[in-house]
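Colleague: Could you take one part of this model and walk me through it closely, in one connected answer?

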Amino acid sequence: MSHIVPVQAVVTATDLDREPTAAELDAIDAEMPLISAEVELLDVQIMILDRPVSELDARRVRRARRKVLAARRTVANLSPTAVVPEVGA
């Protein structure tokens, strides 16, 4: 009796263990201002979870949202060669 095993087991295992390519690192670097702005917005939202929102907190949230929108606009306006499309899984 012969055993049935996946033929491409080695191929899929090495795909998960690989390092990011230079193009993927460049794409991450190009989107880093957006990532940082989204983390800042999340920090502000977490900060106000367990207390009533003051006027100062509302300003912090608005400022963080504007920063995220500006970063999204900047990333969207990058040239197509600056950001590699379909990076990832």
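Modeller: Arg-72 forms a salt bridge with Glu-38, their closest N and O atoms lying 3.6 Å apart, where a salt bridge is a side-chain nitrogen of Lys or Arg within 4 Å of a carboxyl oxygen of Asp or Glu. Since Arg-72 belongs to helix H4 (residues 55-76) and Glu-38 to helix H3, the pair ties together parts that are 34 residues apart in sequence; helices here are DSSP runs (H or I, at least four residues), numbered from the N terminus. The whole structure holds six salt bridges. This is a predicted model, in which local features need pLDDT of at least 70 and side-chain atom pairs count only at pLDDT 80 or more, while totals for chains, interfaces and linings use all residues. Residues are numbered from 1 along each chain as its sequence is written, and side-chain values use heavy atoms, with hydrogens and water left out.

Helix H3 (residues 32-47) also packs with helix H2 (residues 22-30), at an angle of about 50° and with the axes 4 Å apart. That angle makes H2 oblique to H3, a word kept for angles that are not under 35 degrees (roughly parallel), over 145 (roughly antiparallel) or 65 to 115 (roughly perpendicular). Ile-28, Asp-29 and Ala-30 of H2 make the contact with Met-32, Pro-33 and Ile-35 of H3, contact meaning heavy atoms within 4.5 Å.

On the surface, Leu-25, Ile-28, Met-32, Ile-35 and Val-39 form a nonpolar patch with about 410 Å² of accessible area together; such patches take residues with over 30% relative accessible area and no salt bridge, nonpolar side chains being joined within 5 Å, and areas come from the Shrake-Rupley method with a 1.4 Å probe. H3 gives the largest share, three residues.

Notes. Axes are lines fitted to C-alpha atoms, for helices over the stretch in contact, and angles run from 0 to 180 degrees between N-to-C directions. Helices (H or I, at least four residues) and strands (E, at least two) are DSSP runs, numbered from the N terminus. Patches are made of residues with over 30% relative accessible area and no salt bridge: like charges are joined within 9 Å, nonpolar side chains (Val, Leu, Ile, Met, Phe, Trp, Tyr) within 5 Å.
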